[in-house]
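Welcome, and please open your viewer. We will go from the whole chain to single side chains, one selection at a time.

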Amino acid sequence: MKAKRNLMIGLVILLVILAAGVFAAKTISDRDAAASASEDTSINLTSITASSEIESFGYTFEGDTLNFEQREEVVEAESESTSEAADAFASTSASEETEPETEIVWYLADDPEYKLDQSSVNSMLTAFVNLEANRQLTETSEEYGLEEPTLTFWMTADGETTTWICGATNDVTGTIYLQKQGEDTVYLVDTDKVTVFEKSRMELGDTSDATGDIATSEEAIGETAASEEASSEPAASEVTSAE
């Protein structure tokens, strides 16, 4: 009888220990989950939700400042065969005239004729929409490198321009110190959030054509003038021979 009672007491103690262990494990799990959720919480640094809200933008990288603006251009129709073109013309003439299809094209403010790779520009626009920080710092330090920024970029949306300053890279986390101009708060952001702006003018040129020529409009004008001068020299020689 006594042995049975001791067995029952032992079982009760074992159940209490197991229950305490389950409770402790659940508490630790809940705490870790809360900490993980806190660490994974991203801080949005822009209020825009779509790249179409951006009116203009720009950045300064390695001493070169690029400003981007947009314009609406008519979409060039694909080439058609003679019969298809005739049928299209007849159909258009018979029906009511429609507005030509247009698209938004980005260009450099200081060189509108320079043909940009629009996919690279769209990557930058997307970066603005997805600009977010992993962590917000409460203190500032000279070690953040914000006094001598490696990269500065800005955008204008709804008539308001916002500028961000990039500092040094954190050696431990591999993230970059970022600060919004005019504010004291410093953020840590992933490198891929800002390195999209680390492109030179030449790297942004559109090389999709057959020649891969991305010369600026000024260079093109210079080449045209040189060609005209060369073509005029034989004519001048013929005139001299005739005399």
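The accessible surface of the chain comes to about 16900 Å², and 51% of it belongs to carbon and sulfur atoms. Accessible areas come from the Shrake-Rupley method with a 1.4 Å probe, and for residues only the protein chains shown count as cover. This is a predicted model, in which local features need pLDDT of at least 70 and side-chain atom pairs count only at pLDDT 80 or more, while totals for chains, interfaces and linings use all residues. Residues are numbered from 1 along each chain as its sequence is written, and side-chain values use heavy atoms, with hydrogens and water left out.

**The whole chain**

Switch to a cartoon view. You will find four helices and ten strands; helices (H or I, at least four residues) and strands (E, at least two) are DSSP runs, numbered from the N terminus. Along the sequence they follow the pattern α-β-β-β-α-β-α-β-β-β-β-β-β-α. Of the 243 residues, 25% count as buried. Here buried means under 20% relative accessible area, exposed over 50%, and partly exposed in between (1.4 Å probe, protein chains only). Residues 24 or more positions apart account for 67% of the contacts with a separation of 6 or more, where contact means heavy atoms within 4.5 Å.

Is Ile17 buried or exposed? Ile17 is exposed, because its relative accessible area is 53%.

**Into the core**

Now select Phe57, Tyr59, Phe68, Phe128, Phe153 and Phe197. These have the most contacts inside the largest nonpolar core, which has 33 residues. Strands E2 (54-61), E3 (64-74), E4 (102-108), E7 (151-157), E8 (160-169), E9 (176-180) and E10 (186-189) and helix H3 (118-129) each supply at least two residues of this core. The biggest giver is H3, with five residues. A nonpolar core is a set of buried Ala, Val, Leu, Ile, Met, Phe, Trp, Tyr and Cys residues joined through side-chain atoms within 4.5 Å. In soluble globular proteins, nonpolar side chains tend to be buried together.

Centre on Phe68. Leaving aside neighbours within four places in sequence, Phe68 touches Ser56, Phe57, Gly58, Tyr59, Trp106, Tyr107, Leu108, Leu116 and Leu204.

Next, pick Thr162 in strand E8. Thr162 is buried, with a relative accessible area of 18%. Beyond its neighbours within four places in sequence, Thr162 is in contact with Phe153, Trp154, Met155 and Lys180.

**Strand E10 and its partners**

Select E10. Val186 and Leu188 point one way from this strand and Tyr187 and Val189 the other way, and all are buried. E9 and E10 pair in the antiparallel sense over four bridges; two strands pair if DSSP finds at least two bridges between them. Gln179 has Val186 in E10 as its bridge partner. The two strands, E9 and E10, form a hairpin with five residues between them, and Gly182 in the turn has a positive phi of about 95°.

Which strand do three bridges join to E10? That is E6 (residues 135-137), which runs antiparallel to E10. Look here for Gln136, standing opposite Tyr187 in E10.

**Last stop: salt bridges**

The structure holds four salt bridges, each a side-chain nitrogen of Lys or Arg within 4 Å of a carboxyl oxygen of Asp or Glu. Select Arg201 and Asp110, whose side chains meet at 3.0 Å, N to O. Arg201 lies in the loop between E10 and helix H4 (217-242) and Asp110 in the loop between E4 and H3, so the pair ties together parts that are 91 residues apart in sequence.

Move on to Lys193 and Glu132, which meet at 3.8 Å, N to O. Lys193 is in the loop between E10 and H4 and Glu132 in strand E5 (residues 132-133), so this pair ties together parts 61 residues apart in sequence. Lys193 is buried, at 18% relative accessible area, whereas Glu132 is partly exposed, at 24%.

Finish with Glu73 and Arg71, a salt bridge whose closest N and O atoms are 2.8 Å apart.
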